[in-house]
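Subject: Structure handover

Hello,

Here is the structure you will be taking over. Please open it alongside this note. My findings follow below it.

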Amino acid sequence: MAAMLQPQIILLKEGTDTSQGKAQLVSNINACTAVADVVRTTLGPRGMDKLIHDDKGNVTISNDGATIMKLLDIVHPAAKILVDIAKSQDSEVGDGTTTVVLLASEFLKEAKPFIEDGVHSQNLIRSYRTASHLAIEKVKELATSIEGKSLEEKKSLLAKCAATTLSSKLIGGEKDFFASMVVDSVIAIGNEDRLNMIGIKKVPGGTMRDSFLVNGVAFKKTFSYAGFEQQPKKFLNPKILLLNIELELKSEKENAEIRLSDPLQYQSIVDAEWNIIYEKLDKCVESGAKVVLSRLAIGDLATQYFADRDIFCAGRVAEEDLQRVAAATGGTVQTSVNNVIDEVLGTCELFEEKQVGNERYNIFSGCPSGRTATIVLRGGADQFIEEAERSLHDAIMIVRRALKNSTVVAGGGAIDMEISRYLRQYARTIAGKSQLFINSYAKALEVIPRQLCDNAGFDATDVLNKLRQKHSHPSGDGALYGVDINTGGVADSFANFVWEPAVVKINAINAATEAACLILSVDETVKNPKSESAQGEAAAGAMGGRRGGAAFRGRGRGMRR
């Protein structure tokens with residue numbers, strides 16, 4: 001009786017929401033599955049696109065898992081982990097973002113019945129970690145190296161990797177055209193790690209096939225003053241001067257005070273200002289440069305002055321374009337026009353201003369150091385060009401990765417099926433519960449070929465049975481067989497050039513297993529009431545009934561919009 005009358009212990013602040021135990025875990029797993037269902041249909045060459053309309057009215061059409069996950073604005077704390085792994089896959093490898101989300105959610109889905117039956121999640125985590133380790137070893141073993149091949153062979157191999165990536169995007173119809181463009185641009189920047197050395201410029205109009213690659217730098221004609229049209233628009237082997245100063249006529253010090261005793265002295269001050277700008281311009285001309293670019297404004301006086309001396313100038317050039325020109329032409333950006341020596345001037349074989357669509361572009365080609373490239377994209381709609389840019393970014397990342405870690409594996413679900421078969425065989429050799437868990441991990445890996453079939457409208461069960469039969473062949477000949485998207489049967493992915501860098505798969509399996517283990521290891525969520533109110537209107541919508549909505553109508557101080 002005494003035990004029943006003990007006072008209740010209040011540990012947490014009133015209004016704190018805690019949920020724990022098995023139900024909590026299952027609800028987290030359900031949330032992750034719901035997120036994966038959003039991107040599920042975007043996988044593979046027959047994947048659909050998502051149209052996302054945000055609160056600012058911007059419309060994004062995308063097939064890229066990471067882009068969709070970012071724009072979804074997910075608030076569920078466990079499901080946010082899936083967004084993070086998609087982002088990490090995007091920044092590390094560039095492609096395979098949908099794959100990683102699907103795998104993670106499938107691992108959790110397979111774990112759910114065990115959790116509901118009362119298996120401790122730590123047992124599952126231990127088995128999953130073992131399985132992922134074995135899977136990664138198997139990927140490394142199955143990978144084929146492209147090292148030691150001639151440049152031409154390497155180019156065609158890399159183009160096949162790029163084409164595999166592009167086949168699932170909106171521009172998949174022109175994948176061969178873009179794949180060779182991507183490979184050329186990546187080879188052009190060589191061992192440079194900085195991705196911003198590949199510029200992508202978007203010009204609406206024309207067709208996709210009008211896109212072209214500049215081995216050098218291209219940027220849109222900047223805002224220009226009178227006299228601009230009198231400047232020559234084409235040079236062979238010009239010297240290029242890059243500046244970070246204003247070439248404008250202006251009072252040298254706005255807040256300076258000069259006392260004059262005689263009005264005639266005023267003229268000398270005005271003359272001094274003119275002399276300063278003329279001196280700067282003379283020094284630019286003396287340097288022998290034929291093209292002058294500046295990050296800041298080049299005024300009308302300077303424009304006219306350069307035009308009279310057959311020099312091309314452009315002011316207000318974007319920072320990244322200027323850096324790219326510097327890298328390509330071998331020039332150095334100057335912050336002063338004093339002592340401009342030949343070493344700081346850049347050069348290129350050809351500079352010209354060219355009409356692209358209804359825009360004019362300044363194009364520097366045939367650059368000596370050649371560590372930069374620019375892709376000019378054309379297309380009908382703005383959203384389409386935006387998506388093309390995202391797709392090319394993925395392809396560029398993939399080609400870079402394949403160049404660095406020069407091993408590739410068969411795509412099209414072939415590698416997933418092979419690992420799945422290998423893990424099932426391994427599971428039979430061990431005793432205890434972990435046999436079941438590793439088996440479920442193996443089953444989860446089949447989600448990739450299954451989803452490829454579903455998205456293409458084929459009978460997934462039928463195709464998977466064919467694949468299992470091929471892969472379980474004792475001779476091991478079927479290890480490279482994956483889904484054939486064109487016929488709805490199975491085909492040798494490697495022979496059909498459906499390749500992806502091994503690093504994509506390794507990273508995806510690693511990240512997905514980590515995320516699944518992380519979510520399985522959470523057994524309690526504590527939601528602090530204070531942080532709820534700080535989330536402004538989001539919380540107001542959810543809690544309107546609880547606190548008589550009126551208190552939430554205005555935004556409190558410090559609340560985010």
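In which helix do Glu141 and Lys138 both lie? Both are in helix α5 (residues 121-142), 3 residues apart, about one turn of the helix. (Helices are DSSP runs of H or I with at least four residues, strands are runs of E with at least two, and both are numbered from the N terminus.)

Before the rest, some ground rules. This is a predicted model, in which local features need pLDDT of at least 70 and side-chain atom pairs count only at pLDDT 80 or more, while totals for chains, interfaces and linings use all residues. Residues are numbered from 1 along each chain as its sequence is written, and side-chain values use heavy atoms, with hydrogens and water left out.

Salt bridges

The structure holds 18 salt bridges. (A salt bridge is a side-chain nitrogen of Lys or Arg within 4 Å of a carboxyl oxygen of Asp or Glu.) Glu141 and Lys138 form one of them, with the closest N and O atoms 3.4 Å apart. Glu141 is exposed at 57% relative accessibility, whereas Lys138 is buried at 9%. (Buried means under 20% relative accessible area, exposed over 50%, partly exposed in between, with a 1.4 Å probe and protein chains only.)

Arg40 forms a salt bridge with Asp37, and here the closest N and O atoms are 2.9 Å apart. The two residues sit 3 residues apart in helix α1 (residues 22-40), so about one helical turn separates them. Arg40 is buried, with a relative accessible area of 13%. Asp37 is partly exposed, at 41%.

Arg421 and Glu418 also meet through their side chains, at 2.6 Å from N to O. They lie in helix α12 (residues 414-428), 3 residues apart, so about one helical turn lies between them. Glu418 is buried, at 5% relative accessibility. Elsewhere, salt bridges that share partners join Lys201, Glu320, Asp321 and Arg324 into one network.

Lys201

Lys201 is placed in strand β5 (residues 198-204). Lys201 counts as buried because its relative accessibility is 14%. Its side chain makes a polar contact with the side chain of Asp321, at 3.0 Å. (A polar contact is a pair of N or O atoms within 3.5 Å; within protein, one must be able to donate a hydrogen and the other to accept it, and residues adjacent in sequence count only if both atoms are side-chain atoms.) What else is Lys201 in contact with, leaving aside its neighbours within four places in sequence? Its contacts include Ala218, Phe219, Glu320, Arg324, Tyr361 and Thr374. (Contact means heavy atoms within 4.5 Å.)

The four-stranded sheet

An open sheet is formed by 4 strands in the order β7-β14-β13-β8, with antiparallel pairing. (Two strands pair if DSSP finds at least two bridges between them.) At the edges are β7 (216-220) and β8 (234-236), each pairing on one side only. On average, neighbouring strands of this sheet are turned by 25 degrees against each other, direction ignored. (Axes are lines fitted to C-alpha atoms, for helices over the stretch in contact, and angles run from 0 to 180 degrees between N-to-C directions.)

Strands β13 (residues 350-356) and β14 (residues 359-365) run antiparallel and are joined by 7 bridges. Glu352 stands opposite Ile363 in β14. Helix α10 (residues 319-329) packs on the sheet and touches β7 and β14. The direction of α10 makes about 155 degrees with that of β7.

Cysteines

How many disulfides does the structure hold? There are 0. (A disulfide is a pair of cysteine sulfur atoms within 2.5 Å.) For Cys284, the closest cysteine sulfur is in Cys313, 9.6 Å away, so a bond is ruled out by distance. Cys284 is buried, with a relative accessible area of 1%. Cys453 is buried too, at 0%.

Positive phi

Two residues to check in the loops. Asn237 has a phi near 45 degrees, a positive value in a residue other than glycine. Asn237 lies in the loop between β8 and β9 (239-243) and is exposed, at 53%. Arg316 is not a glycine either, yet has a positive phi of about 55 degrees. Arg316 lies in the loop between β11 (312-314) and α10. Arg316 is partly exposed, at 42%.

Best wishes
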